[in-house]
Amino acid sequence: MWHDYGLTWGDASRVVLSAIALYALVLMLIRLMGQRTMASLSNFDLAAAVALGAVVGRAILGYTPTLTAGVLGLVTLLVLQALTGQLRRFPRIVTIVNNRAYLLMAGSEIVAANLRRTHVSEDEISARLRLAGIRSRKEIACVILEATGEISVLRIGVAIELELLENVKGAELIPASYLALRGD
């Protein structure tokens with residue numbers, strides 16, 4: 001059947017196996033490089049992402065890409081994405097697939113170790129603070145790099161519920177006066 005459309009069974013198997021292997025590799029590389037890798041794309045990041053997609057696509061399709069190989073590769077990637085989405089319901093899988101959230105600022109203090117670990121610069125934090133309407137560091141309860149790569153800014157004024165900080169690496173550095181006591 002595949003042969004009629006430009007693929008042998010061996011070619012079809014190679015497309016599927018290549019798609020699975022490269023999907024896993026890209027997930028692993030993004031996981032290792034951190035959530036900022038694909039969060040907010042600058043011009044340079046966008047160019048790198050397009051080039052990455054071209055390399056991955058070419059590797060999946062092989063020497064002579066055909067419409068059938070393209071459809072098979074695309075369907076395989078979409079199925080893998082759907083499966084990964086379903087598997088994220090399990091806590092053990094989430095820790096493998098997703099990055100952790102990291103505390104970048106505790107009150108007005110920058111957590112330098114987490115900035116280095118997550119490849120976030122102080123300039124990026126300043127830009128995010130401005131976008132959040134922060135006019136003074138005195139307004140900041142905490143700044144968190146989320147697992148998605150986005151940066152959240154929480155203001156002082158309303159106490160932060162501890163449940164919201166459960167999976168945030170470094171949350172223990174947030175001043176107690178900004179936190180809601182259990183049962184509040």
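The chain exposes about 11800 Å², and carbon and sulfur atoms supply 64% of that area; accessible areas come from the Shrake-Rupley method with a 1.4 Å probe, and for residues only the protein chains shown count as cover. This is a predicted model, in which local features need pLDDT of at least 70 and side-chain atom pairs count only at pLDDT 80 or more, while totals for chains, interfaces and linings use all residues. Residues are numbered from 1 along each chain as its sequence is written, and side-chain values use heavy atoms, with hydrogens and water left out.

**Overall make-up**

- The chain has six helices and five strands, where helices (H or I, at least four residues) and strands (E, at least two) are DSSP runs numbered from the N terminus.
- Read from the N terminus, the order of elements is α-α-α-α-β-β-α-α-β-β-β.
- Of the 184 residues in the chain, 30% are buried; buried means under 20% relative accessible area, exposed means over 50%, and partly exposed is in between (1.4 Å probe, protein chains only).
- Contact means heavy atoms within 4.5 Å. Among contacts between residues at least 6 apart in sequence, 60% join residues at least 24 apart.

**Helix 3**

- Helix 3 covers residues 67–87, 21 residues in total, and reaches 30 Å from its first C-alpha to its last, close to the 30 Å expected at 1.5 Å a residue. The expected span is 1.5 Å times one less than the number of residues in the helix.
- The buried residues of helix 3 are Thr68, Ala69, Leu72, Gly73, Thr76, Leu80 and Thr84. Seen down the helix axis, these buried residues fall within an arc of 140°, so they line one face of helix 3. The arc is that of the directions from the helix axis to the C-beta atoms.
- Thr76, in helix 3, is buried at 10% relative accessibility. Apart from neighbours within four places in sequence, Thr76 is in contact with Val16, Ala19 and Ile20.
- On the face of helix 3 turned away from its buried side are the exposed residues Leu67, Leu74 and Leu78.

**Nonpolar surface patch**

- Leu67, Val71, Val75, Val79, Leu83, Leu87 and Phe90 make a nonpolar surface patch of about 650 Å².
- Patches are made of residues with over 30% relative accessible area and no salt bridge; like charges are joined within 9 Å, and nonpolar side chains (Val, Leu, Ile, Met, Phe, Trp, Tyr) within 5 Å.
- Leu83 lies in helix 3 and is partly exposed, at 47% relative accessibility.

**Salt bridge**

- A salt bridge is a side-chain nitrogen of Lys or Arg within 4 Å of a carboxyl oxygen of Asp or Glu; by this rule the count is one.
- The salt bridge joins Glu139 and Arg155, with the closest N and O atoms 2.8 Å apart. Glu139 is in the loop between helix 6 (122–131) and strand 3 (140–145) and Arg155 is in strand 4 (residues 151–155), so the pair ties together parts that are 16 residues apart in sequence.
- Glu139 is buried, at 16% relative accessible area, whereas Arg155 is partly exposed, at 37%.

- Gly133 sits in the loop between helix 6 and strand 3 and is partly exposed, at 27% relative accessibility.
- Leaving aside neighbours within four places in sequence, Gly133 is in contact with Glu139 and Arg155.
- Leu131 belongs to helix 6 and is exposed, with a relative accessible area of 68%.
- Leu131 and Val153 are 22 residues apart along the chain, and their C-alpha atoms are separated by 9.6 Å.
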